[in-house]
Amino acid sequence: MPPLLLLLALLAATPLSGAAAAGFGGGGDPPPTPTAWPEQFHAVVFTNLTESGGRLQLIDLYYDWPRGRNLNIIRNQLSGNPLYDVEWNNGTSYYFDSASCRTVRFPVGLLPPDWLANGAVYLGREKVDGFDCHIWTKVDFIWYYEDVVTHRPVRWNFYNGMQQHVMSFEVGGVLEDSQWQAPAHCFSDQDTATNPGAGTGAATVDRVEGEGDKVDFMRNLLRFAGAPAAAVAAA
Ligand SMILES: *[C@@H]1O[C@H](CO)[C@@H](O)[C@H](O)[C@H]1NC(C)=O
Ligand SMILES: *[C@@H]1O[C@H](CO)[C@@H](O)[C@H](O)[C@H]1NC(C)=O
């Protein structure tokens with residue numbers, strides 16, 4: 001390959017901008033690596049959808065990798081009826097409240113605990129929500145803020161403007177099995193949808209088809225963030 005084309009190809013494949021902007025490349029220490037999530041945790045997440053056309057939410061997030069499941073209990077501000085988003089690693093998600101239910105099948109499972117390790121670009125350090133944080137971004141979909149001292153996640157922002165602030169982070173926090181069970185009204189009629197973009201960016205995903213891992217990661221993340229974003233419509 002001619003040298004110029006080779007250089008262009010390398011530039012296209014290498015996310016240089018983030019590291020350069022953060023002032024790396026002076027021969028100093030390598031950038032820090034993000035801390036993997038614990039295999040089980042319970043977090044209370046304050047979600048701000050103001051920039052993406054929504055309101056505020058308080059979410060109980062139960063991440064349970066060994067049992068292959070992830071749960072968002074989403075409470076919209078001043079709304080009494082929480083929305084449950086039960087995600088199973090086999091691709092099935094149940095979205096339900098006391099009155100309605102939707103079953104969706106995704107072509108991907110859950111975010112693995114080390115989902116940020118591969119392909120994240122380090123952007124440097126910044127004070128965020130009052131905490132000194134390391135910042136990484138991945139495929140321009142998520143900006144992730146981790147406390148420099150405790151290594152706990154402090155915040156993550158999504159490409160659509162959704163901001164999630166971690167209010168508590170309980171390592172090993174689990175929820176009893178009965179709480180994960182989708183209610184009977186999820187199984188009464190056949191309204192299962194297959195392979196959706198969860199209404200939050202399917203077009204974006206299609207455009208980069210062919211970059212397998214990246215697409216799967218985006219689908220993963222859309223699934224993870226989809227229910228809070230979709231709750232905008234219901235609010
Ligand atoms: C929500 O986000 C918007 C836009 O960034 C900001 O102006 C507002 O102060 C935030 N609200 C809360 C309660 O954090
Ligand atoms: C995935 O697992 C859940 C929970 O056990 C189950 O309800 C669902 O039917 C499974 N989906 C598939 C496609 O097997």
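User: How many helices and how many strands does the protein chain have?

Analyst: The chain contains 235 residues, of which buried residues make up 28%. Its elements are 4 helices and 12 strands.

User: Which element of the protein chain has the highest mean pLDDT?

Analyst: Over the protein chain the mean pLDDT is 82, and 77% of the residues reach 70 or more. Among the elements, helix 1 (residues 3-13) has the lowest mean, 37. The highest mean, 98, belongs to strand 11 (residues 163-171).

User: Over which residues does pLDDT stay under 50?

Analyst: Where pLDDT is low, the predicted coordinates should not be read in detail. One such stretch has 17 contacts beyond four places in sequence in the model, and another has 28. These stretches are residues 1-23 and residues 195-210.

User: Which residues is I142 in contact with, leaving aside its neighbours within four places in sequence?

Analyst: Beyond four places in sequence, the contacts of I142 are T137, W156, F158 and L221.

User: How many bridges join strand 8 to strand 9?

Analyst: Strand 8 (residues 131-138) and strand 9 (residues 142-147) run antiparallel. They form a hairpin with 3 residues between them, and V139 in the turn has a positive phi of about 40°. The number of bridges joining the two strands is 6.

User: Which residue in strand 10 does Y145 stand opposite?

Analyst: Strand 9 and strand 10 (residues 153-158) run antiparallel and are joined by 5 bridges. Their hairpin has 5 residues between the strands, with H151 in the turn at a positive phi of about 65°. In strand 10, the residue opposite Y145 is R155.

User: Is D129 buried, partly exposed or exposed?

Analyst: D129 lies in the loop between strand 7 and strand 8, and its phi is near 55°, a positive value in a residue other than glycine. Because 14 other C-beta atoms lie within 10 Å, D129 is partly exposed.

User: Which residues does P113 contact, leaving aside its neighbours within four places in sequence?

Analyst: P113 lies in the loop between strand 6 (101-105) and strand 7 (120-128). With 16 C-beta neighbours inside 10 Å, P113 counts as partly exposed. P113 and Q40 are 73 residues apart in sequence, with a C-alpha to C-alpha distance of 9.0 Å. The residues in contact with P113 are A36, W37, E39 and W65.

User: What distance separates the C-alpha atoms of A229 and R55?

Analyst: A229 has its place in helix 4 and is buried, with 22 other C-beta atoms within 10 Å. A229 and R55 are 174 residues apart along the chain, and their C-alpha atoms are separated by 10.0 Å.

User: Which residues does Q163 touch, not counting residues up to four places away in sequence?

Analyst: Q163 lies in strand 11 and is partly exposed, with 17 other C-beta atoms within 10 Å. The C-alpha atoms of Q163 and F46, 117 residues apart along the chain, are separated by 8.2 Å. The residues that Q163 touches are N48, R155 and N157.

User: Which residues surround ligand 1?

Analyst: By class, the shell around ligand 1 has 1 nonpolar, 2 polar and 1 charged residues. The surrounding residues are N48, T50, E51 and L56.

How values were computed
Residues are numbered from 1 along each chain as its sequence is written. Chains are lettered from A and ligands numbered from 1 in the order in which they are written. This is a predicted model: local features need pLDDT of at least 70, side-chain atom pairs count only at pLDDT 80 or more; totals for chains, interfaces and linings use all residues. Two residues are in contact if their C-beta atoms, placed from the backbone, lie within 7 Å. A residue is near a molecule or strand if its C-beta atom, placed from the backbone, lies within 6 Å of it. Ala, Val, Leu, Ile, Met, Phe, Trp, Tyr, Cys and Pro count as nonpolar, Asp, Glu, Lys and Arg as charged, and the others, Gly among them, as polar. A residue is buried if 20 or more other C-beta atoms lie within 10 Å of its own, exposed if 12 or fewer, and partly exposed in between; C-beta atoms are placed from the backbone. pLDDT is the predictor's confidence in each residue, from 0 to 100. Two strands pair if DSSP finds at least two bridges between them.
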